[in-house]
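Dear colleague,

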Amino acid sequence: MEGNSAHQIKSICVFCGSNPGKNAKFVEVANNLGKVLAKRKIHLVYGGGSLGLMGCVSIAAHVGGSQVLGIIPTALAEGNFVGKTVGEELRVPTMQDRISKMLDNSDAFIALPGGISTLEEIFQIASWAQLNIHHKSISLLNVDGFFKKLLSFLDQAGEENFIPHSARQIFISTSTAKEMVDKLEDFVYKPDLVAAQIDWSKGNSSKKCKMDLSFHL
């Protein structure tokens, strides 16, 4: 099980769009996030390439002095679909390998505005935290209210008992990069009592833990 505790953030993975979006503020905030990471001497992990918001945050972090690691499937890298990766590039066979390597190389996660792939990454990391695979937070940089409806959906799902309170706490939301990094450094995730019993190191947690109806996937 991957862990994270307060004040130990050395690397942050950023999920975001390979397009810049229509709102010019998205680009501004992505550039600022890269600068904040560099100023805090935090390494950046991202999905590779140099297009859109992914390019903005990676270039700003790299220019500012951060170590940058782009993790990208070989099919995307060789097809030159997303531009040249900034910093060091790690090629992996599949999208699943990509998210796994992102988890291995990051202490926390930040999401900027993006599309379907960004949403997939957000929820996969959140789902793995709920299942006690790791204790790392996923932070939504809520630029001009971009994630407002998503956060509202999460609250509603919690009210309907589909998302336990402990899992809802995985998500942190702020409107500025500096505030977000501050919150990430103070974050300590505590899974619910049922999830805490899952032992992934043994490969088959079912022998150790009998799930009850209070645990919601």
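**Strand β6 and its neighbours**

Strand β5 (residues 108-111) pairs with β6 in the parallel sense over 3 bridges, where helices (H or I, at least four residues) and strands (E, at least two) are DSSP runs numbered from the N terminus, and two strands pair if DSSP finds at least two bridges between them. Within this pairing, isoleucine 110 has serine 139 of β6 as its bridge partner. The chain passes from β5 through helix α5 (residues 116-130) to β6 in a right-handed β-α-β crossover, a crossover being right-handed if, with the strands pointing away from the viewer, the path from the first strand over the helix to the second runs clockwise.

Please keep in mind that this is a predicted model, in which local features need pLDDT of at least 70 and side-chain atom pairs count only at pLDDT 80 or more, whereas totals for chains, interfaces and linings use all residues. Residues are numbered from 1 along each chain as its sequence is written, and side-chain values use heavy atoms, with hydrogens and water left out.

Strand β6 (residues 138-141) is covered on both faces, with Ile138 and Leu140 buried on one side and Ser139 and Leu141 buried on the other; buried means under 20% relative accessible area, exposed over 50%, and partly exposed in between (1.4 Å probe, protein chains only). β6 also pairs in the parallel sense with strand β7 (residues 171-174), over 4 bridges, and in β7 it is threonine 174 that stands opposite leucine 141.

**The sheet and the helices across it**

These strands belong to an open sheet of 7 strands with parallel pairing, in the order β4-β3-β2-β1-β5-β6-β7. β4 (88-92) and β7 stand at the edges, each with a single partner strand, so one side of each has no neighbour in the sheet. On average, neighbouring strands of this sheet are turned by 25° against each other, direction ignored. β1 and β5 run parallel and are joined by 4 bridges, with cysteine 13 opposite phenylalanine 109 in β5.

Helix α1 (residues 24-39) lies across β1, β2 (43-46), β5 and β6, and runs at about 170° to β1; axes are lines fitted to C-alpha atoms, for helices over the stretch in contact, and angles run from 0 to 180 degrees between N-to-C directions. Helix α4 (residues 95-104) lies across β1, β2, β3 (68-73), β4 and β5, and runs at about 160° to β3.

**Individual residues**

Serine 11, in strand β1 (residues 11-15), is buried, with a relative accessible area of 9%. A polar atom of the serine 11 side chain lies 2.8 Å from the backbone oxygen of asparagine 105. Beyond its neighbours within four places in sequence, serine 11 is in contact (heavy atoms within 4.5 Å) with Ile42, His43, Asn105, Ser106, Asp107 and Ala108.

The structure holds 0 disulfides, a disulfide being a pair of cysteine sulfur atoms within 2.5 Å. The sulfur of cysteine 16 is 8.2 Å from the closest cysteine sulfur, in cysteine 56, which is too far for a bond. Cysteine 16 is buried at a relative accessible area of 7%, and cysteine 56 is buried at 16%.

Lysine 41, although not a glycine, has a positive phi of about 60°; lysine 41 is in the loop between α1 and β2 and is exposed, with a relative accessible area of 71%. Asparagine 132, also not a glycine, has a positive phi of about 70°; asparagine 132 is in the loop between α5 and β6 and is buried, with a relative accessible area of 6%.

With kind regards

Definitions and conventions: A polar contact is a pair of N or O atoms within 3.5 Å; within protein, one must be able to donate a hydrogen and the other to accept it, and residues adjacent in sequence count only if both atoms are side-chain atoms.
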